[in-house]
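I opened this entry to keep track of what I looked up. Short notes follow, in the sequence I made them.

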Amino acid sequence: MATIIDAVQSFPGLHGLLVPATVSSPEMDDITEDFTAEQETTPPMNSFIQDSAIDLSLDLQQHYAHLLVFPQCYDSFIPAPHLPISALLDFTNLPPFDHSLTVADLHRFFTSEHCVTNDVPADFLDRSLPPLSLSTQLLNTFSQAYHDGVKSVKDPRFLGNLPFWVVQYWHDLGCAIAAKERWSLARDWLSGQRENADTDLAAAIDEVFSSLRVLGWGTTLRGPAAALQVLDLAEFLSSTPMKGRFIDA
């Protein structure tokens, strides 16, 4: 019980560290592993990846970044990072991940064939997405692949080639989908704890639910916790180990 109270009460104590906002999922271990890989290797969304295997001039870096910028009309399909967590949880039109695809399929997503258009097929928005770990690796290897002569992207599940910006779109939308999955588990855990909570614990849990209506799902903490994302707080709202360990203050 001490662990539960400490977890939920950690939210009010972090108010000074937060950047204010203006406004059937996988098991927690799988989701956490996916996000751990993403956080260790990926810079902020809509930014390019520098590959250490080649020496990139500033002009080349800007060129790669330009290739990965998706058309503005697709922004509305990705929940904005400042959107409150509760609003993210209400999104019902996010596509699922296709977990039959793995990082082992990486080489199948790049092709030396030219893509004749910057548009995508009519059913593109209805398709399931490569897992976040895979789209992260696609971003990580993009500059090297382009340097080696890759001309377009290919989804091995479908016919036809796709423009390079699809990789960035998959990644950015994948971040939102994975965040929704983790916060859905956290919300369910909180609701379960609330059912039989005493007065003090119930008040602490209600405080957390209030925070979920304010905190942006993709924002960062600040101050001493500047290296953390708001998403990292979801790990406190679980009875499972954090990073393989149980914590009981």
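I started with R127, which sits in the loop between strand 1 (110-111) and helix 5 (132-147). Helices (H or I, at least four residues) and strands (E, at least two) are DSSP runs, numbered from the N terminus. The model is predicted: local features need pLDDT of at least 70, side-chain atom pairs count only at pLDDT 80 or more, and totals for chains, interfaces and linings use all residues. Residues are numbered from 1 along each chain as its sequence is written, and side-chain values use heavy atoms, with hydrogens and water left out.

Is R127 buried or exposed? I found R127 buried, because its relative accessible area is 8%. Buried means under 20% relative accessible area, exposed over 50%, partly exposed in between (1.4 Å probe, protein chains only).

Next I checked the partners of R127. Its side chain and that of D123 are joined by a polar contact of 3.2 Å. A polar contact is a pair of N or O atoms within 3.5 Å; within protein, one must be able to donate a hydrogen and the other to accept it, and residues adjacent in sequence count only if both atoms are side-chain atoms. With neighbours within four places in sequence left aside, R127 is in contact (heavy atoms within 4.5 Å) with P95, P121, D155 and F158.

**Cavity**

Which residues line the largest cavity? I listed P95, F124, L125, R127, S128, L129, D155, R157, Y169, W170 and L173. By class, the lining has seven nonpolar residues, one polar and three charged. Here Ala, Val, Leu, Ile, Met, Phe, Trp, Tyr, Cys and Pro count as nonpolar, Asp, Glu, Lys and Arg as charged, and the others, Gly among them, as polar. The space in this largest cavity is about 60 Å³. A cavity is a set of points on a 1 Å grid over the protein atoms alone where a 1.4 Å probe fits but cannot get out; lining residues have an atom within 4 Å of a point. Points are joined across faces, edges and corners, and the volume is the space filled by probe spheres set on them.

**Other buried positions**

I moved to L132, in helix 5. L132 counts as buried because its relative accessibility is 0%. Its C-alpha lies 9.9 Å from that of D98, 34 residues apart in sequence.

T219 lies in the segment after helix 7 (199-212). At 11% relative accessibility, T219 counts as buried. Its side chain reaches the backbone oxygen of G216 at 2.8 Å.

L231 is also in the segment after helix 7. L231 counts as buried, at 4% relative accessibility. I read 6.5 Å between the C-alpha atoms of L231 and W217, 14 residues apart along the chain.

**Whole chain and confidence**

I counted seven helices and two strands in the protein chain. Of its 249 residues, 46% count as buried.

The chain averages a pLDDT (the predictor's confidence in each residue, from 0 to 100) of 81, and 74% of the residues score at least 70. Residues 12-29 have pLDDT below 50, yet this stretch has 38 contacts in the model beyond near neighbours in sequence. Where pLDDT is low, the predicted coordinates should not be read in detail.

Terms used. 1 Å grid on protein atoms, 1.4 Å probe; cavity = no way out; pocket = protein on both sides within 12 Å on 5 of 7 lines; lining within 4 Å.
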